[in-house]
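Student: I am new to this structure. Please take one part and go through it closely.

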Amino acid sequence: MLRDSFGRVASDLRVSLTDKCNLRCAYCMPPEGLDWLPSAQLLTADEIVRLVRVAVELLGVTEIRYTGGEPLLRRELTDIVARTTALRPRPQVTLTTNAIGLERLARPLAEAGLDRVNVSLDTLDRETFSKLSHRDRLPDVLAGLAAAHEAGLRPVKVNTVLMRGLNDHEAVPLLRFCLERGYEARFIEQMPLDAQHGWSRENMITADEILGLLSESFDLAPDEQEERGSAPAERFVVDGGPARVGVIASVTRPFCGACDRVRLTADGQVRNCLFATEESDLKAAMRAGASDEELAERWRAAVARKRAGHGIDDPSFLQPSRPMSAIGG
Ligand code: SAM
């Protein structure tokens, strides 16, 4: 097992398949993009599947989430998913994506065994989409969302980051859009993980504000039916149910005490927290000939060092040197 010194067990592995993305969302990446990792530094598909197998077979990981960057940009994605769902014990396999290209890939991914998807969608307005992400791709995202639902990758969860003065007036329409289509909306507090270091607490839309905005149009009641466990989202029943909405208050209501996540970057570094400043290099060990058990041992040691919390509120807080796109959100 991947147990840390506070007794938490990491069973949910987020794997970044690439640091590249085809959008430039304001809270993540500058309009001109970033220096991408050279391809020789990226894990190959075989290396990814080997590390995921070590995690599942030797370390008790039960959920694999493929992310990025934009994971749909990784050509071998369907093959990686199929090889992951063939592992035993069979992990749950999910994908976080901006849905550009999902219209074509949803069915092959479902056939490869993918269980469900989280899709990022911050606005329903085409102009605002172009302004926020520097690309005119809203129709592709909406088509991808519909295709995922149609292909049975359910529940489709929709992740939204609200930003003051940009899309905070869209909380209600976005939730309504999700309710009408059977998607589950989740609003995420913006975190200090952008490459431009433009985050400020004053500008962040807090969970309290999000709930205030939504409560003007919907009746929200804490979800008492389902235990929250290690889930990042606090869920609320909308208008008596059965629909739910989630709020991920990473900054103002941190949930580090119940965290069960560990991350693997596209260049093979284990990170025990989104905000970790240290990484453990599994790629170098693997390429130097480490056995599965040796890789597992390094992984255990990396998780054992996990800190109690992300420390955003600590005066000594340092934003990690890698932005969200290079860590894997
Ligand atoms: N490209 C994929 C996508 O758009 O979902 C996967 C990677 S993206 C980094 C994963 C999630 O992280 C998205 O839902 C995105 O909105 C979120 N995200 C990125 N930067 C963030 C930030 N600074 N604060 C909060 N969420 C962020």
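Tutor: Here is a close look at a helix pair and one of its residues.

This is a predicted model: local features need pLDDT of at least 70, side-chain atom pairs count only at pLDDT 80 or more, and totals for chains, interfaces and linings use all residues. Residues are numbered from 1 along each chain as its sequence is written, and side-chain values use heavy atoms, with hydrogens and water left out.

Start with helix H2 (residues 77-85) and helix H3 (residues 102-111). Helices are DSSP runs (H or I, at least four residues), numbered from the N terminus. The axes of H2 and H3 come within 9 Å and cross at roughly 20 degrees. Axes here are lines fitted to C-alpha atoms over the stretch in contact, with angles from 0 to 180 degrees between N-to-C directions. H2 is therefore roughly parallel to H3 (angles under 35 degrees count as such). Who makes the contact (heavy atoms within 4.5 Å)? H2 brings Leu77, Thr78 and Val81, and H3 brings Leu105, Pro108 and Leu109. By class, that is five nonpolar residues, one polar and no charged. Pro and Leu count as nonpolar.

Now stay on H3. Ala106 lies in this helix. Ala106 counts as buried because its relative accessibility is 1% (buried means under 20% relative accessible area, with a 1.4 Å probe and protein chains only). Leaving aside neighbours within four places in sequence, Ala106 touches Ala147, Ala148, Ala151 and Leu153. Gly144 is 38 residues from Ala106 in sequence, and the two are 7.5 Å apart in space, C-alpha to C-alpha.

Note on methods:
Helix = DSSP H or I, 4+ residues; strand = E, 2+ residues; numbered from the N terminus. Parallel < 35°, antiparallel > 145°, perpendicular 65-115°, else oblique. Contact = heavy atoms within 4.5 Å. Buried < 20%, exposed > 50% of the residue type's maximum accessible area, 1.4 Å probe, protein only.
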